[in-house]
Amino acid sequence: MTTMTLLQAVNSGLKDIMQDDDRVVVFGEDVGINGGVFRATEGLTKQYGEERCFDTPLAESGIIGVAIGMALYGMRPVPEIQFADFIFPAFDQIVSEAAKMRYRSGGEFTCPMVIRTPYGGGIRGGHYHSQSPEAYFCHTPGLKVVVPSTPYDAKGLLISSIRDEDPVLFLEPKRIYRSTKQDVPEGVYEVPLGKARIARAGKDVTIVTFGAMVSICEKAAEDAAAKGMDVEIVDLRTLLPLDEEAILTSVAKTGRLVVVQEAPRFCSFGGEISAIVAEKAIEYLQAPILRVAGFDTPFPYSLEHVYMPDAKRVLAAVERAVNF
Amino acid sequence: MATVKSKAKPKPKAKAAAVRRPKSPSAKVAAATKSKSAPAVASKRAMSKPSKNVLVPRGAPRTDDAPWSVLRADGTALPGRDPKLAPELMLRMYRAMTLIRALDGRMLILQRQGRIGFWGPTRGQEGATIASCAAFEDRDWILPALREGGCALYRGFSLTELVAQTIGNALDRVKGRQMPCHYSFKEGNYVAMSSVIGTQIPHAVGVALGAKTRGDDVVAAGYMGDGATSSSDFHVAMNFGAVSKAPVVFICQNNQWAISVPIEKQTVSSTIAVKAVAYGMEGVRVDGNDVLAVYSATKRAVDKARAGGGPTFLELLTFRVLGHSSSDDPTRYRDESCVKEWEAKDPIVRFRRYLESRKLWNQALEDELDGQHQAAISQAIKAAEAAPAVPTATIVDDVYATVPAHLKEQLRRTLDDLGG
């Protein structure tokens with residue numbers, strides 16, 4: 001065990017899986033000698049050589065398009081998109097190509113690859129270094145979408161993703177890259193995809209959330225506890241395929257649901273959670289399903305603190321649910 | 001052949017060519033570029049030591065030349081250009097070309113009869129399609145666009161499976177998931193394509209890099225049409241391929257039409273081949289209706305890639321004789337008199353004349369071959385149409401390696417609602 005930040009856990013995961021599986025190659029913008037703008041790929045080129053970790057020309061559709069070709073050939077590419085905000089030039093390659101390859105070829109060709117990308121706000125990044133684009137990708141059959149919230153999960157989920165037979169979008173909550181440390185095992189280990197985690201057990205209200213919002217919700221839960229409300233937090237870890245059972249089990253117990261996300265509210269992932277619970281667990285609900293989300297605006301720079309859900313807004317939603 | 005050399009150590013000859021042709025600004029740029037600012041992609045060694053059995057076009061870098069050709073219209077070879085290919089190879093190519101022409105005729109009838117929904121014909125491009133893929137080894141990978149189905153057949157894809165794909169039934173390898181002409185042929189290293197234009201070009205670079213990383217002796221073919229050269233993926237693939245020195249050959253079938261849009265509206269570049277210069281890559285313009293020219297140029301590019309010389313861009317100048325597809329009516333947007341001009345340059349007729357002049361072919365063999373093709377296609381149609389429909393439950397297969405719970409549930413509920 002070593003105490004690591006989430007960022008160090010990602011780096012450790014890459015190092016260990018590259019040792020374990022020589023099909024794994026890492027590439028993207030600035031990931032080589034520079035080790036990535038956040039240093040997630042630090043030391044990989046030195047340890048494994050430029051054939052296994054290399055810088056690419058600056059074109060996201062090229063990074064993903066080339067990764068698809070490598071995956072078709074039998075490699076396990078782990079391309080990095082420097083910020084999730086820059087992923088859209090590669091949208092076509094991800095959505096039309098990687099996600100559909102297995103289906104459109106009748107299972108003859110597949111694209112096992114992991115697209116790592118830092119996402120989310122709270123770092124004063126403005127429009128283009130802050131967004132949470134998960135909903136676009138969760139609307140795409142054939143993709144898996146994974147979001148860790150702790151160092152332990154980050155490494156285990158990353159390794160599981162790289163070993164998975166399907167393309168995975170691995171969203172890294174950059175706001176908490178360095179904010180907390182946790183004991184992380186050395187060597188490879190897996191945290192299974194498609195399984196949520198109960199980050200906190202409680203009986204009055206269920207909060208469903210993921211990524212950087214988990215720690216915000218934990219703070220809100222502390223504040224709620226001080227006011228006599230017992231909050232349960234479901235950390236989804238994998239958004240697609242979703243662990244519906246974990247959500248429905250929790251809601252059946254608490255009878256109340258608050259969904260928390262950074263992304264804009266309209267047509268968002270939180271909307272899908274709400275719909276699933278409304279369809280399958282309405283008999284348990286004692287209050288309307290509430291969503292705490294970003295604004296339906298472009299991500300603002302100066303008013304970031306207003307845009308981003310914080311513990312106060314989450315607590316207010318918990319109170320509304322309990323007092324309905 | 002208009003050869004555009006990337007490693008622009010400007011020879012006096014090259015400069016002279018550029019100066020002589022002021023309407024080609026790219027050539028000027030190429031000639032003026034100092035070697036230190038041009039990526040050293042095209043290996044001089046590979047370029048100067050080509051395959052022994054293929055004649056290599058030579059000459060100063062010129063970009064708006066008439067395309068490189070070997071055969072005259074009467075089927076005789078230009079002096080010193082005949083690559084003298086093995087008779088078996090040439091006859092194999094000829095059989096494949098005539099098969100896909102026969103197939104076009106039959107499948108268009110099936111479409112008009114409502115027995116299949118769509119057909120994208122190859123007519124007029126059989127030489128470019130077959131002679132280019134014939135220059136690769138079977139272990140090499142093909143990333144096709146719409147009109148390369150013939151490459152799959154050339155590599156052994158069965159006619160029955162091809163027809164079944166156009167029907168989309170249980171014999172279809174892709175399980176009825178795609179429109180006709182979107183084949184998949186794993187054993188032939190022929191990758192299932194999407195309908196999105198240009199996306200397969202970076203895949204070819206990735207396949208090539210995968211092979212290079214593993215130390216495999218494998219080259220990738222990235223096919224595209226002229227329309228795709230306007231796409232962003234064309235640019236990223238050309239650049240990635242050149243920078244990484246990937247063993248890939250980019251092959252553009254310039255049939256001069258992207259549905260209704262002519263090449264003049266696609267680009268005002270003097271040729272497509274010249275675009276390779278800016279990527280530090282060799283670009284070659286070839287008469288796409290000349291089987292021996294296409295084979296020679298492609299073989300040279302494949303050999304270069306295999307020897308570590310990096311990518312080459314080939315522009316195969318040809319013509320789309322029919323509409324874009326069975327859904328298209330070209331009389332809406334072009335004067336069909338241009339078709340006559342190109343029918344006179346028919347790749348099959350030209351190659352047949354050559355084979356006849358070599359005493360490798362005659363009318364009796366032609367009649368026999370046509371009978372064989374028609375019988376084989378009839379048999380394939382019969383076998384394919386006899387196959388059952390795609391089982392309903394397969395709708396949720398192959399989305400992921402294993403069917404996830406939510407898809408199982410969707411299938412179960414839908415079947416319940418439909419009454420089983």
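Biologist: Which domains is chain A divided into?

Modeller: Domain 1 (2-184) and domain 2 (197-322). The bounds come from an automatic or database domain assignment. This is a predicted model: local features need pLDDT of at least 70, side-chain atom pairs count only at pLDDT 80 or more, and totals for chains, interfaces and linings use all residues. Residues are numbered from 1 along each chain as its sequence is written, with chains lettered from A and ligands numbered from 1 in the order written.

Biologist: How many residues of domain 1 of chain A are in contact with domain 2 of chain A?

Modeller: 25 residues of domain 1, against 23 of domain 2. Contact means C-beta atoms, placed from the backbone, within 7 Å. The domain centres, taken over C-alpha atoms, are 26 Å apart.

Biologist: Switching topic. How many residues of chain A are in contact with chain B?

Modeller: 36, with 36 residues of chain B.

Biologist: Which element of chain A gives the most to that side?

Modeller: α3(A), with 10 residues. Helices here are DSSP runs (H or I, at least four residues), strands likewise (E, at least two), numbered from the N terminus.

Biologist: And what does Val318(A) touch?

Modeller: Val205(A), Ala220(A), Ala224(A), Met229(A), Val231(A) and Val258(A), leaving out residues up to four places away in sequence.

Definitions and conventions. Two residues are in contact if their C-beta atoms, placed from the backbone, lie within 7 Å.
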